[in-house]
Amino acid sequence: MIQGQLLIVDDDPQTQNFIHECLTREGHNADVVPDGLAADRKLSEHSYRVVVSDVKLPGMDGLRLLSRHGGAGSFTRFLMVSGHSTIGDAV
């Protein structure tokens with residue numbers, strides 16, 4: 001059962017695979033891209049309910065991606081993740 005369209009954005013292949021496996025095991029349909037520029041293109045072409053994005057990405061960081069596609073009135077929700085961010089990034 002497909003529960004919703006998700007986009008996973010992470011430059012680490014192991015993290016990509018882990019998140020993708022967890023989400024698809026629960027029945028979600030998820031696309032995966034390795035950087036912010038690829039995610040920006042995907043988000044311009046397709047509607048996603050949820051984006052799971054690393055904060056630090058090549059090309060365009062996750063916070064910039066969020067500001068471009070996750071503003072007020074946006075259908076898309078963002079879940080930001082990172083293994084290297086600061087408290088300032090979180091705030």
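In this predicted model, Ser 74 is buried, with a relative accessible area of 18%. The cut-off for buried is under 20%. Ser 74 sits in the loop between H3 and E4. The backbone oxygen of His 69 is 2.8 Å from a polar atom of the Ser 74 side chain. The backbone nitrogen of Thr 76 is 3.1 Å from a polar atom of that side chain.

His 69 also belongs to helix H3, which spans residues 62-69. The buried residues of H3 are Gly 62, Leu 65 and His 69. Viewed down the axis of H3, these buried residues fall within an arc of 55°, so they line one face of the helix. Their cover includes strand E1 (5-9), helix H2 (36-45), strand E3 (50-54) and strand E4 (77-81). The N-terminal end of H3 is capped by Asp 61. A side-chain oxygen of Asp 61 lies 3.1 Å from the backbone nitrogen of Leu 63.

Helix H2 has its own set of buried residues: Gly 36, Ala 38, Ala 39, Asp 40 and Leu 43. What covers them includes E1, strand E2 (29-33), E3, H3 and E4.

Technical notes: Residues numbered from 1 in each chain as written. Predicted model: local features only at pLDDT ≥ 70, side-chain atom pairs only at ≥ 80, totals over all residues. Heavy atoms only, no water. Buried < 20%, exposed > 50% of the residue type's maximum accessible area, 1.4 Å probe, protein only. Helix = DSSP H or I, 4+ residues; strand = E, 2+ residues; numbered from the N terminus. Arc of directions from axis to C-beta. Contact = heavy atoms within 4.5 Å. Polar contact = N/O pair within 3.5 Å; in protein donor to acceptor, adjacent residues only side chain to side chain.
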